[in-house]
Amino acid sequence: MRTTATMFNLTNDTLNITHDERKLYLSVLQQESTIAFIPTFVYLGLLAVVGIPGNSLVLIIYLTKMTMKPLSIFILSMAAIDLITCLLILPGETYRLLHIWDFTEPIACQIYMALCARFVISSGLMLVAIAIIRYMKICHSLKKQVTLTQTKCICSFNIFIALVFSVPHGILQGKHSRKTQNPNIVGYYCQVDDSFVPTIWPKLNSASLFLLFFVTSSIIAFCYVRIGCAIRDHGKNVHQRNSLQATAQVSKGVAVLHTEVKATHLTDTTNKESSLSYGVDDTSESVDATVIISDLGDINTATIPNNSIRTIVENYNVNKSTSSENTCSDNYSRNKIALDGIITKQRLDTFKKSYGKQGGAIKKQRKLLNRTHLMMLTVTLVFFLGFLPYLGLNVLLVVSPETVASLKGWSLVMYQFFLDSCFVNCAANPVIYSLLVQKFKNICINMFKNKH
């Protein structure tokens, strides 16, 4: 079966169109396309300008300054992939756009497209592995977690799987013919080779990429939804547990306080009868102390001000004091309760300060957990939202290659711009780290301050 390119070549030979005439005609078309692709060139340039120094900085900081954890290894792997993409793939994409009409190197096209698919798929699989590991760590924290060695093996396995998917994708690429306004002249660019266009292999390749995208996105969506629910439930449980622990500790502290006060007997050397009265009412004082402890145990220190604790204790014992028949014992009880109120207030202040520090540490850990979750969720969304247009346009290319080949003007510009949106994560990831990872941000600031 003769391809379109072969028929055009026969037509060119019949009409005796020289190679120079064909080359000149295609160069004019290429010049028009180059001007139309200026927004795309600017976009690719910005990705390289941000991505090369950004990913280099990520590699340096995480290798020298950060604690090595499984998440750190994944971030290092993704930064290395993104850096190679910025150094090799973005210039290759620029070269491909500069030869969209006169491309004549099918082997170079195969290598380039295979590398492009390999790096993009590798990044996607890394994000899947990160989502699964974080799901296990947060939702199943009591189970065995991955080690650093296992994490390195997972990264290597992801790269191998990406290689398996990228090799067939690269083999299918080559010289794809493009019609021109002159029916006797045909151009070529780097895309699915003409020899594979009428076969089923391009469709199978697109179907496999779409299936891979669907499976990975479903796994990631499931993991991050469960992680979000777990973090929300954890915050509620921590708040309730802290309230119960604070109440229990206050009750325990008040009980210890009354034991210490009773043991001292608070001997009054100026009033001997007071001491005798205390000995007579020892049982009743113990009972009253028990009631006071019971009442104070139900006090929520978060809602009752400190300066009202003494008032609570004094008001509670007013009836006891007025019903006493012994005046000296009554005076002693008032003095003892007042002293109890003052010491209780001091002890409660100590408890509140201690639990305030613990609550601050818990809030700090929860904030760090939320930041890490938000960081990886943002990285994942940027990648998959950028890859989705590429996948859709790849399906369009397989289903209707004539439609893609006939694109011109702004339609061609928009097609190419969204086709290159799969590279956006190469520059976005370092920016996301600098905004959401406080330690990474502080190290970057200190590095630049020291240089100046």
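Does C139 count as buried, partly exposed or exposed, and at what relative accessibility? In this predicted model, C139 counts as partly exposed because its relative accessibility is 23%, and a residue is called buried only under 20%.

The model contains one disulfide. A disulfide is a covalent bond between the sulfur atoms of two cysteines. Here the partners are C109 and C190, whose sulfur atoms lie 1.8 Å apart. The link between C109 and C190 is right-handed, with 85 degrees about the S-S bond. Because C109 belongs to helix α5 and C190 to strand β2, the pair ties together parts that are 81 residues apart in sequence. Both C109 and C190 are buried.

C139 is in no disulfide, and the nearest cysteine sulfur, which belongs to C223, is 8.2 Å away. C422 likewise is in no disulfide; for C422 the nearest cysteine sulfur is that of C116, at 5.2 Å.

Rolling a probe the size of a water molecule over the atoms shows where empty space is left. The count comes to seven cavities of 30 Å³ or more.

The largest cavity holds about 180 Å³ of space. Its lining consists of 22 residues, and M113, H169, Q191, Y390 and N394 lie nearest the centre of the cavity. Two or more lining residues come from each of the elements α4 (70-97), α5 (106-139), β2 (186-192), α7 (201-264), α12 (327-399) and α14 (409-419). Helix α12 gives the largest share, four residues. By class, this lining has 13 nonpolar, six polar and three charged residues. Helix α5 and strand β2, which contribute to this lining, are also the elements that hold C109 and C190 respectively.

The second largest cavity contains about 110 Å³ of space. Helices α5, α7 and α12 each supply at least two residues of its lining. The residues that line this cavity are V120, I121, G124, L125, L209, L212, F213, T216, F383, F384 and F387. Of these, nine are nonpolar, two are polar and none is charged, whereas the lining of the largest cavity includes three charged residues.

Key:
Residues numbered from 1 in each chain as written. Predicted model: local features only at pLDDT ≥ 70, side-chain atom pairs only at ≥ 80, totals over all residues. Heavy atoms only, no water. 1 Å grid on protein atoms, 1.4 Å probe; cavity = no way out; pocket = protein on both sides within 12 Å on 5 of 7 lines; lining within 4 Å. Points joined across faces, edges and corners; volume = space filled by probe spheres on them. Nonpolar A, V, L, I, M, F, W, Y, C, P; charged D, E, K, R; others polar. Disulfide = S-S within 2.5 Å. Buried < 20%, exposed > 50% of the residue type's maximum accessible area, 1.4 Å probe, protein only.
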